[in-house]
Amino acid sequence: APRAALGLPETGIVFAAFCNPLKIEPVCFAAWMAILRGVPGSVLWLAGRKAYAPAQDALRAAAQASGDEPARLVFAPHAIDKSAHLARHRAADLFLDSFAVSAASSALDALSAGLPVLTKRGRQAHANVAASFLTALDLPELIAPDADAFVARAVALAKDPAARAAVRAKLDAAVATRVPFDSARMAKHVEAAFRTMAARARAGLKPASFDVEDL
């Protein structure tokens, strides 16, 4: 659908962040606002279910309090049809991950729809979900080491159409061939991991990290 039909400006960069608003904490939101300030004319496209109305009001107020324009936050109404939701991802330029709790199903939706996801490393497992997806897709350039690098990388990509096109092309190729989007192959990898864990336990070995051989 054209951008206007989605409530988006016809020109300018569209950053998407369709995560549950419960995942948006102050440090993350401050980084997102810094990105908007670094990219004039850009907007942030957020999930806008009716149940999220209080969160929408809080986010607009937070933007106002930080001197940013609340109008640059655009809330997407809930799409009942999954295919329509996936299709509208193509109207965005870059998906911005949340920090303390990373996007999970929303990140997979974006990646499967061909929308690059920018994330950053976290200190705990649930902060690194999108980083895991991107590692499996061989897209380390979309994993920032910290919040400052996250902001800088988002702004740089927004200002470099050729770099965005290259990342999209790499993502499209990866989605077509890599494990996260091949359910049968993924199941075989999980089964192999379980067999390895069982074998290690039977051998009396302590828990440890290991890699599953690519099948």
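Reader: Why is Asp109 called buried?

Author: In this predicted model, Asp109 has a relative accessibility of 13%, and because buried means under 20%, Asp109 counts as buried.

Reader: What makes the contact between Asp109 and Lys82 a salt bridge?

Author: The side chains of Asp109 and Lys82 meet at 2.7 Å, N to O, and since a salt bridge asks for a side-chain nitrogen of Lys or Arg within 4 Å of a carboxyl oxygen of Asp or Glu, the pair qualifies. Asp109 lies in helix H4 and Lys82 in helix H3, so the pair ties together parts that are 27 residues apart in sequence. Lys82, for its part, has a relative accessible area of 45% and is therefore partly exposed, as that term covers values between the 20% limit for buried and the 50% limit for exposed.

Reader: How do you know whether H4 and H5 are roughly parallel or roughly antiparallel to each other?

Author: The axes of helix H4 (residues 105–112) and helix H5 (residues 129–136) come within 9 Å and cross at roughly 30 degrees. Because angles under 35 degrees count as roughly parallel, H4 and H5 are therefore described as roughly parallel to each other, and their crossing is right-handed.

Reader: What makes the pair of Asp68 and Arg37 a link between distant parts of the chain?

Author: The side chains of Asp68 and Arg37 form a salt bridge at 2.7 Å, N to O. Asp68 sits in the loop between helix H2 and strand S3, while Arg37 belongs to helix H1, and the two are 31 residues apart. Asp68 has a relative accessible area of 9% and is therefore buried, whereas Arg37, at 46% relative accessibility, counts as partly exposed.

Reader: Why is Arg195 called exposed?

Author: Arg195, which is placed in helix H8 (residues 183–202), has a relative accessible area of 53%, and because exposed means over 50%, Arg195 is called exposed.

Reader: Why can Met186 be part of a nonpolar surface patch?

Author: Met186, also placed in helix H8, has a relative accessibility of 33% and so counts as partly exposed. Since patches are made of residues with over 30% relative accessible area, the value for Met186 passes that cut-off. Met186 makes the patch, of about 430 Å², together with Val190, Phe194, Met197 and Phe210.

Technical notes. Residues are numbered from 1 along each chain as its sequence is written. This is a predicted model: local features need pLDDT of at least 70, side-chain atom pairs count only at pLDDT 80 or more; totals for chains, interfaces and linings use all residues. Side-chain values use heavy atoms; hydrogens and water are left out. Helices (H or I, at least four residues) and strands (E, at least two) are DSSP runs, numbered from the N terminus. Buried means under 20% relative accessible area, exposed over 50%, partly exposed in between (1.4 Å probe, protein chains only). Patches are made of residues with over 30% relative accessible area and no salt bridge: like charges are joined within 9 Å, nonpolar side chains (Val, Leu, Ile, Met, Phe, Trp, Tyr) within 5 Å. Accessible areas come from the Shrake-Rupley method with a 1.4 Å probe; for residues, only the protein chains shown count as cover. Axes are lines fitted to C-alpha atoms, for helices over the stretch in contact, and angles run from 0 to 180 degrees between N-to-C directions. Angles under 35 degrees count as roughly parallel, over 145 as roughly antiparallel, 65 to 115 as roughly perpendicular and the rest as oblique. A crossing is left-handed if the near helix is turned anticlockwise from the far one by less than a right angle, and right-handed if clockwise.
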